[in-house]
Amino acid sequence: MGGTESSISEPGSPSRNRESETSRQNLSECKVWRNPLNLFRGAEYRRYTWVTGKEPLTYYDMNLSAQDHQTFFTCDTDFLRPSDTVMQKAWRERNPPARIKAAYQALELNNDCATAYVLLAEEEATTIVDAERLFKQALKAGETIYRRSQQCQHQSPQHEAQLRRDTNVLVYIKRRLAMCARKLGRIREAVKIMRDLMKEFPPLTMLNIHENLLESLLELQAYADVQAVLAKYDDISLPKSAAICYTAALLKTRTVSDKFSPETASRRGLSTAEINAVEAIHRAVEFNPHVPKYLLEMKSLILPPEHILKRGDSEAIAYAFFHLQHWKRIEGALNLLQCTWEGTFRMIPYPLEKGHLFYPYPSCTETADRELLPTFHHVSVYPKKELPFFINFTAGLCSSTAMIALLTHQFPEIMGVFANAERTTVWSPGEAQSSMRCQKRLSSFHGVRTEKE
């Protein structure tokens, strides 16, 4: 499944082994993040496979998800509950039917096994409505287990680990319920669940729930609330993301985009608000240069992966997949983006890997994106500075002329034959006949002149 076939190497090939070692080292340098807006496997990814026959998830991506599930949904005390022991094995299963079968076995042992409902909602449910129903059952069981763990949390380190696990399960369930409500059109309900989660569990900012909140608020067109969220999370001490940078650019673009005209701006110059909007676009493009081609529909979108690499093509796909509609909704926003985004690369010092507002662009992003994205997708590579067409054309013309001159000098007879053949194929039959007549006349003239001499 996915893009792992091309990376399979022969066991005894040292060159292949070196390539795989280099690839693993490059991947270890890039931190891969859980996609905060990842889709549902059964209700969305599998339906895509049914329709297209293509696998939208790579094995590497799904393996990362399996590791996440084992980290969030298991702990050292699972042996105390038989259902948790079964689910611990279920998260390690590679075969989806085997995971689903194990989830049903866990429910037979304990009807209140929250993680079993989570697995069924993610992978067996074929619609968002079915997934929401199963998550509601998981929420009821998860809240009961969470209250029990709270009462025993200070008794031993094992109980504290169990509380951590039960907290992760509860937060995950509520978050997915909020995403179900968002997909089913109950956006205000989704916003409320997300806000409550952020208040109740503030240490879990690593889950990036604020990115889910930003997208839902943009759908409500509550731009003042979006600005308030950005003011809290677009901080110099917090890690940036495409969602934060491009949402900040969208808000500043919104104030000037409806009246923006490139001709008028070049004639009178940019106003202060327009300068702020352009600078915000440049900042966003420097952080992730792959996003504009998806927003401007210069490149086709695919389903986003379950994990993303910040500043990479995978993050650009995940952002544009959900936020393209928000840019289209604001009149002139995409026009302003189209007119200004390429100017970013003229501002960044050469070579482009040197940063201007952010750290230098990491060189390992292409390798990691090729592991995260399916093989049928053409991975976007960090833009390089391109020479003007005239320079490329002149260089090619000079090179070809020099090559022809060298070949003519070395092989004059052969090049003469090629030149005559080319001339006869290019000229029309009439021109060829007239040329032959001219040659005959010249030869006869030379012959008469020789006799006179």
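Helices here are DSSP runs of H or I with at least four residues, and strands are E runs of at least two, numbered from the N terminus. This is a predicted model, in which local features need pLDDT of at least 70 and side-chain atom pairs count only at pLDDT 80 or more, while totals for chains, interfaces and linings use all residues. Residues are numbered from 1 along each chain as its sequence is written, and side-chain values use heavy atoms, with hydrogens and water left out.

Y246, setting aside neighbours within four places in sequence, is in contact (heavy atoms within 4.5 Å) with residues including L295 and W327.

G142 lies in helix 7 (residues 128–151) and is buried, because its relative accessible area is 5%, where buried means under 20%, exposed over 50% and partly exposed in between, with a 1.4 Å probe and protein chains only. Beyond its neighbours within four places in sequence, G142 is in contact with A114 and L170, and its C-alpha atom is separated by 9.9 Å from that of K174, 32 residues apart along the chain.

Helix 20 holds L407, which counts as partly exposed because its relative accessibility is 33%.
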